[in-house]
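This report describes local packing and strand order in one structure. The sequence and the model come first.

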Amino acid sequence: MKYFFSAGEASGDLHASQVIRELLKLDSKAEITFLGGDSMAAAAGKSPLIHYERMAYMGFIDVARHLPEVLGNLAKAKEAIREMRPDALVLVDYPGFNLKLAKYAKSLGIKVYYYIAPKLWAWKEYRLKQLKAYVDRVFSILPFEPAWFAERGLKVEYVGNPSVEEVDESLARISSRGDFLAGHGLADRPILALVPGSRVGEITANLPVMDAVAKRHPEMQTVVAGAPSVKSDLYRQFTDFPVINGATLELMAHARGALVTSGTASLECALAGAPQVVCYRAVGWKWAHDIFVHILKIPYCSLPNLIGGKIDRLTRREVNREAAKTGVRGCVVPEMLVHNCTPENVDRQLSGLLVDGLARDEQLKGYAEVRRRLATEVSAAATVARHIYSDF
């Protein structure tokens, strides 16, 4: 059979590659075309039609600045789908782009699957109509999602979280701490990992704050996790700390603590067992934060908190009021967002996590709860591949 995959960023590339490998076990003659990256290329044994480096734009301003390229990518993908006429279109997250492909594929009578359901419970709930209209099956990697979608008339299947399997497989292969330090020319001192994201905009906004916090901790050995698609010159604009490429998970696994830009990396950091503070600077205006809070319909932004948090079904404002009254935030990891993401505020949260004590112990207990809630007997990728293959 013929399959067309679309993943627009690094995490989607990794998750989709696992599904491709599982599909090839079931269908050895599968013909696969894809938008994605190096992980999918390794799994499929061929190059992507479009590499996600040319697709990873986020937010209205970033998309607007690159609109000709975005539209060009969309046109090229549609042309490939029209010529290939795949049996299945498999979309991986990245809803702004992928839902347009879903509509087009549906008009051609192609079966559409969505792996890693769009996070409509956070914002842009209006996209629910598009999911219902253009997607045949939706697969979720967060255990609370099926109930949310069911309340709105859409069946969504929880298949497990691929990060658990991917992280565990990677951790089983990583080098010892001594070999890691020697291999990257690092000293035998506690590591503070800075993980500023995989997009240029994220790095530009967050790395200056992270760098300023790290400079307050000369006792730590600070190392920056470099994204594979980002040139080293960008990091040098904001920090003098060493940058290690292609070893983010290994870096977090050996770190005493981490500063992490909100996203998949925050969950990977939790699964790797490194205490962290989640940072998301974007812009530093308070009014932007107020709009952000108003738009979001969830109490937290980071995945460890959404999965393992103790306060459910509250808005962010209600969580903040609860914290003000009781001093308990009910979250696994502290989130420093927008104008609250300052060196002073971030450092206040980080300092307690770098030393043995209650804050560190509580976060590690929260990590254990996150793992418990995500646990499944079969890998997410294998479940998705089996569902897709069995439909034909």
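Phe 180 sits in helix 9, residues 177–183; helices (H or I, at least four residues) and strands (E, at least two) are DSSP runs, numbered from the N terminus. The model is predicted: local features need pLDDT of at least 70, side-chain atom pairs count only at pLDDT 80 or more, and totals for chains, interfaces and linings use all residues. Residues are numbered from 1 along each chain as its sequence is written, and side-chain values use heavy atoms, with hydrogens and water left out.

Phe 180 counts as buried because its relative accessibility is 1%; buried means under 20% relative accessible area, exposed over 50%, partly exposed in between (1.4 Å probe, protein chains only). Leaving aside residues up to four places away in sequence, its contacts (heavy atoms within 4.5 Å) include Ile 191, Ile 244 and Glu 250. Phe 180 and Glu 250 are 70 residues apart in sequence, and their C-alpha atoms are 8.2 Å apart.

Six parallel strands form an open sheet in the order 10-9-8-11-12-13; two strands pair if DSSP finds at least two bridges between them. Strand 10 (243–245) and strand 13 are the edges, each pairing on one side only. Strands 12 and 13 pair over three bridges, and Val 278 stands opposite Glu 335 in strand 13.

## Helix 17

In helix 17 (residues 343–353) the buried residues are Val 346, Asp 347, Leu 350 and Leu 353. Seen down the helix axis, they fall within an arc of 115 degrees, so they line one face; the arc is that of the directions from the helix axis to the C-beta atoms. These buried residues pack against several elements, including strand 8 (191–195) and helix 18 (358–374).
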